[in-house]
Amino acid sequence: MDNYEFLLITELENYFGNDLKRINHAMKVLNFAKAIMQKEGGDSHIIVPSAILHDIGIKECERKYNSVAGELQEKESPLVALEILRKIAYPDSYISEIIEIISHHHSIGMVKTLNFQVLFEADWLVNLGEDYKDVNRIQKETMINNNFQTKAGMHLVKILYLE
Ligand SMILES: [Fe+2]
């Protein structure tokens with residue numbers, strides 16, 4: 001863990017306070033993102049902050065709209081993420097790509113980069129266990145085929161959810 005990762009996790013914990021569910025979600029996504037990145041590559045300067053901050057706008061969504069719908073998160077998370085990245089003086093050269101990924105993290109096809117795909121698959125790996133526990137196998141297979149592209153992500157999702 002580098003110093004920025006430590007700072008980002010500290011900011012995440014401060015921001016969500018005792019909302020452990022949100023903190024745990026981000027940490028699980030971070031771990032899956034690292035596992036995929038180890039096999040597939042991608043830029044950790046982009047992927048690590050994107051994973052930690054991707055859902056950071058969820059509190060604003062609840063406050064403003066009383067909803068955590070995906071497109072609302074995509075709208076609210078970038079603003080909060082930007083504030084945090086600036087606060088810890090994250091290197092400027094990475095910020096626009098991180099914000100672009102966070103702005104589209106529920107929308108496959110909008111950002112066609114490996115960095116995006118790693119975060120996107122990591123989020124799906126967690127969400128399949130958290131939000132889609134009760135869907136049947138056919139539905140699961142469809143979700144997986146529609147959203148997973150990397151070999152490492154596909155391998156992980158199959159052992160976790162199809163075996
Ligand atoms: Fe997420």
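1. First, the ground rules. This is a predicted model, in which local features need pLDDT of at least 70, side-chain atom pairs count only at pLDDT 80 or more, and totals for chains, interfaces and linings use all residues. Residues are numbered from 1 along each chain as its sequence is written, and side-chain values use heavy atoms, with hydrogens and water left out.

2. The largest pocket holds about 440 Å³ of space. Here a pocket is an open set of points on a 1 Å grid over the protein atoms alone, where a 1.4 Å probe fits and protein lies on both sides within 12 Å along at least five of seven lines; the volume is the space filled by probe spheres set on the points. Its lining has 24 residues, and those closest to the centre are His 25, Asp 55, Gln 73, Asn 127 and Asp 131. Lining residues have an atom within 4 Å of a point.

3. Which helix gives the most to that lining? Helix 7 does, with five residues. Helix 1 (3-16), helix 2 (20-40), helix 5 (70-87) and helix 7 (114-130) each supply at least two. Helices are DSSP runs (H or I, at least four residues), numbered from the N terminus. By class, the lining has 11 nonpolar, seven polar and six charged residues; Asp, Glu, Lys and Arg count as charged, Ala, Val, Leu, Ile, Met, Phe, Trp, Tyr, Cys and Pro as nonpolar, and the others as polar.

4. Helix 2 and helix 7 also pack on each other, at about 130 degrees with axes 8 Å apart. Axes are lines fitted to C-alpha atoms over the stretch in contact, and angles run from 0 to 180 degrees between N-to-C directions. The contact divides into 11 nonpolar, two polar and five charged residues.

5. Helix 4 (residues 58-65) packs on helix 5 at about 120 degrees, with the axes 8 Å apart. Ile 58 and Tyr 65 of helix 4 and Gln 73 and Val 80 of helix 5 are among the residues that make the contact, which has five nonpolar, two polar and four charged residues.

6. Helix 3 (residues 44-53) and helix 7 cross at roughly 35 degrees, their axes coming within 9 Å. Ile 46, Ile 47, Ser 50 and Ala 51 meet Asn 115, Val 118 and Leu 119 of helix 7. No charged residue takes part: the contact has five nonpolar and two polar.

How values were computed. Contact means heavy atoms within 4.5 Å.
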